[in-house]
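The structure is shown first.

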Amino acid sequence: MFLKVDELTKKFDKHTVLDRLSFTVEQGELLCVLGPSGCGKSTLLRCLNGFEALDHGQIFLEERNITEELPEERNVTTVFQNYSLFPHMDVLHNVMYGLKFQKIAKKEAAKRSEEMLELLQLKGYGAKRIMELSGGEQQRVALGRSLIVNPKLLLLDEPLSNLDEKLRVTLREELRTILKRLDMTGIFVTHDQKEAFAIGDKILLLNQGKIQQFSDGITLYEHPQNQFVLDFIGEKNQLSPAEYVRPERVILEKNAQGDGKVEKVVFQGETWEYYIRTKDYYWRALALNRSREAGYQVGDRVKLTVQMQELISSKEEK
Ligand SMILES: Nc1ncnc2c1ncn2[C@@H]1O[C@H](COP(=O)(O)OP(=O)(O)O)[C@@H](O)[C@H]1O
Ligand SMILES: [Mg+2]
């Protein structure tokens, strides 16, 4: 096992912020830590990079127990949301800075930094000043500075959160491609589930310092383990504690004898949202916008065909 975290527990005063977290990450794997604001994501990274001491538990990196090691002994680097670049240095020297504490000749360090800039599609940017760069470019420089030391483990704390939506989507694809090319093992923190789905080989969903689910993204969406996961991930029609249907799996059909009546139609660009009243439930249905106009109008009678899913935890309780 490349990274093994065993019963990691962190308290601030009497408040337990991380409660006996156990999980593993394979070499070359990207783990996304997902969860609402304040659930302990950044604290988890700070425990892994050594900025915070644990109250209980252990961390093993390639079988080595690093729990008590200093940050600089761990071979773990971190990329932050606010980049923390040096504005008075040019791009090349920001990237090179990562090598400052390794005994590497300046010429060699510059050469490696140029190669890193190329990998990050920043070739020719070496002499530019940080302030001349866009947010996306700055984040790539920050990534370069962390990657240049060839860490065993790369931690990223909401690195794309300061960027606008379009750029976030482009950069997350680039980021995944680069990290996979380097066979880098990484832990990426986000509060955005789409980002977690797109980047993570696995997702660790946290709430109030506890692991709610640890699985790949598809399993997280298709088999939520408890009510918190179901509430947090995606949308649902929940008919009972044990049964739910995703809105995109409510299939409508115009039918004068149907038991549903369309009460509201909402335009969402690529999708249409329909709210439908039946005898027992007020449904939300989602359909791709394929024909420029809504398939159903307020007042239409429709027949509903639904793909019911079962919530795992409620099954276990029975
Ligand atoms: N240095 C600290 N001292 C006291 N409480 C802290 C400290 N750092 C974080 N916390 C608390 O720990 C909890 C988790 O914080 P954090 O890990 O930053 O969450 P997230 O990154 O998921 O938003 C919050 O309740 C926060 O207020
Ligand atoms: Mg945070």
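The sections below cover the model, its domains, a sheet with its helix, and the ligand shell.

## Model and domains

The model is predicted: local features need pLDDT of at least 70, side-chain atom pairs count only at pLDDT 80 or more, and totals for chains, interfaces and linings use all residues. Residues are numbered from 1 along each chain as its sequence is written, and chains are lettered from A and ligands numbered from 1 in the order in which they are written.

Domain 1 spans 3-228 and domain 2 spans 236-317, with bounds from an automatic or database domain assignment. Their centres, taken over C-alpha atoms, are 39 Å apart.

## Sheet and helix

Four strands form an open sheet in the order β2-β1-β4-β5, with antiparallel pairing. The edges are β2 (15-25) and β5 (64-65); each has a single partner strand, so one side of each is left without a neighbour in the sheet. Strands are DSSP runs of E with at least two residues, and helices are runs of H or I with at least four, numbered from the N terminus. Pairing requires at least two DSSP bridges between two strands.

Seven bridges join β1 (residues 3-12) to β2 in the antiparallel sense. Val5 has Phe23 in β2 as its bridge partner.

Helix α1 lies across β1, β2 and β4 (56-61), at about 65° to β2. Contact means C-beta atoms, placed from the backbone, within 7 Å. Axes are lines fitted to C-alpha atoms, for helices over the stretch in contact, with angles from 0 to 180 degrees between N-to-C directions.

## Ligand shell

Around ligand 1 are Phe12, Val17, Gly35, Ser37, Gly38, Cys39, Gly40, Lys41, Ser42 and Thr43, where near means a C-beta atom, placed from the backbone, within 6 Å. Helix α1 (residues 41-48) gives the most to this shell, three residues.

By class, the shell around ligand 1 holds three nonpolar, six polar and one charged residues. Ala, Val, Leu, Ile, Met, Phe, Trp, Tyr, Cys and Pro count as nonpolar, Asp, Glu, Lys and Arg as charged, and the others, Gly among them, as polar.

Key
Contact = placed C-beta atoms within 7 Å.
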